[in-house]
Amino acid sequence: MDLFDRRQGPFYDLWETAGEAVRRRETRRRLAEYLAWACRVPFYRNRLAAADLKAEHPLAGVPSLTSDDLRALVPPSSGRLLTRKTGGYTVFQSGGTTGFPKSALFTSEEIDGLDLPNARGFFAVGLRPSDRVANLWAAGSLYMTFIHINRMLQNYGCASFPLSNHATPEFVHMAARLFKTNCVTGISSVVLNALRSLKSLGLKGIRVEKVYYGGEHLYEADKAEIRRTFGAKVIAAPGYGTIDSWYIGYQCLKTPTGVFHCHDDQCHLEIVDETTGRACGPGETGMVYATAFPRRLTPIVRYRVGDLAQWVGRPCPCGRMTPLFRLLGRGDDVLRVGFDSISYDHIQACVAKTAGLSAAAAMRKERRAGRDRLVVEVETEAPPRSWPRLSATLAARILSQRPTLAKAVKAGEVRPPLVRCRRPGTLPRNPRTGKLIRVKDAC
Ligand SMILES: [Zn+2]
């Protein structure tokens, strides 16, 4: 039986309609069972002693698991997070493409387990067996997404076209025209580039009715452009998650940009105010922590995802009972520019090597005409006549030290970085703390 035929009722599965009492009982049961499993790993034993399953927020006293923790606990650094030392798994890369690798290990069973959240999410955003889907997700180089999306599409009951992010624009255009694909799915920037290429290569015989993106927000201006150009009916994100944890959320046909239903049978999702350590109520912004029940080989308890979010606190008009949260973007000093993640530390390192600039530097992302641009502003004591030279030097250094960004600029996927010099004390600071506002996203 294919994944589409396994649906139960108007939604994909019965969990989506379960009432509050069932939901609470079952999520507590899963959490208790998972914490017991995680205690097989010595790393968790002391940490999880602070869990209190009777409390409103059972993990409030448990330290969060950071990405640096993960790096130290899984291969190639060590096998300290592994619940067993033998047996097969697939290694995926998580995080940036440079520096010491951080990996995520999935057993075959865990990869199989992605079918449920995948099918639930794609069903919720309107994928049907009559659809013909161009899969543009990233493949190879230890990327994970293409592998499980491909698997889900071939088992769903639709027609699947495994193009990957490596297919040339001409090839995607040919497939769209000759095979009459009507859906596109992939990471937002790749999807956008592919759609723009379709337009420039000619829209005769091209249909784009459904666009299923992920990995980063697709901004309203981009969505408007897609609707205008192709008349697309659905533009939505079937899944939000991280390779370090699991699928955390999914959209439906009623959720606005950035709002997701929570896969609360898959993950124990917390949104935490990190200044007080307390759980956020609806409408309060906090950091996303995820405990990923299906991750058995390397238990993931209270992983600090690095994104900011808010509970919506209202039911969704679609009728699903899975709770809603609003995703607000990265909470760390990292900007997603095109396909790349630029850390503030990287900018600081480049500023430090450029004589004449102070360390008071801020970075932000601008997005115009659908393309990202990294903007760096930096204070300097140098006279204004030397600012153009200083700016050009820093811009060149940022690119030369970050080949992935340089490549994206060369390919026209993102605009070249813009550097501006400012007089000392003129960059925006937090009025309360006086701290420099170092990073600002475009949304
Ligand atoms: Zn909904």
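Hi everyone, thanks for coming. Some ground rules first. Residues are numbered from 1 along each chain, as its sequence is written. Since the model is predicted, local features need pLDDT of at least 70 and side-chain atom pairs count only at pLDDT 80 or more, while totals for chains, interfaces and linings use all residues. The helices (H or I, at least four residues) and strands (E, at least two) are DSSP runs, numbered from the N terminus.

Let's start with helix packing. Two packed helices are described by the angle between their axes and the distance between the axes. The axes here are lines fitted to C-alpha atoms, for helices over the stretch in contact, and angles run from 0 to 180 degrees between N-to-C directions.

Take α5, residues 115-124, and α6, residues 145-156: they pack at about 65 degrees, with axes 10 Å apart. That makes α5 and α6 roughly perpendicular; the cut-offs are under 35 degrees for roughly parallel, over 145 for roughly antiparallel, 65 to 115 for roughly perpendicular, and oblique for the rest. Their crossing is right-handed, meaning that the near helix is turned clockwise from the far one by less than a right angle, with anticlockwise being left-handed. Which residues of α5 and α6 make the contact? From α5 we have Asp115, Asn118, Ala119 and Phe122, and from α6 His148, Ile149, Met152, Asn155 and Tyr156. Contact here means C-beta atoms, placed from the backbone, within 7 Å. By class, this α5 and α6 contact has five nonpolar, three polar and one charged residues. Nonpolar covers Ala, Val, Leu, Ile, Met, Phe, Trp, Tyr, Cys and Pro; charged covers Asp, Glu, Lys and Arg; the others, Gly among them, are polar.

On to the second pair. The axes of α7 (169-178) and α8 (188-201) come within 9 Å and cross at roughly 75 degrees, so α7 and α8 are also roughly perpendicular to each other. On the α7 side, Pro169, Glu170, Val172, His173 and Ala176 meet Ala194, Ser197, Leu198 and Leu201 of α8. The class count for α7 with α8 is six nonpolar, two polar and one charged.

Now the sheet. It is open and mixed, with four strands in the order β20-β19-β18-β21; strands pair if DSSP finds at least two bridges between them. The edges are β20 (415-422) and β21 (439-440), each with a single partner, so one side of each has no neighbour in the sheet. β21 pairs with β18 (361-368) in the parallel sense over two bridges, and Met363 stands opposite Val439. Helix α10 (344-352) lies across β18, β19 (371-379) and β21, at about 120 degrees to β18.

Finally, some backbone details. Most residues other than glycine have a negative phi, and most peptide bonds are trans.

Lastly, a cis peptide bond joins Pro75 and Pro76, with omega about 5 degrees. Pro76 is in the loop between α3 (67-73) and β1 (90-94). Thanks, everyone!

Definitions and conventions:
Two residues are in contact if their C-beta atoms, placed from the backbone, lie within 7 Å.
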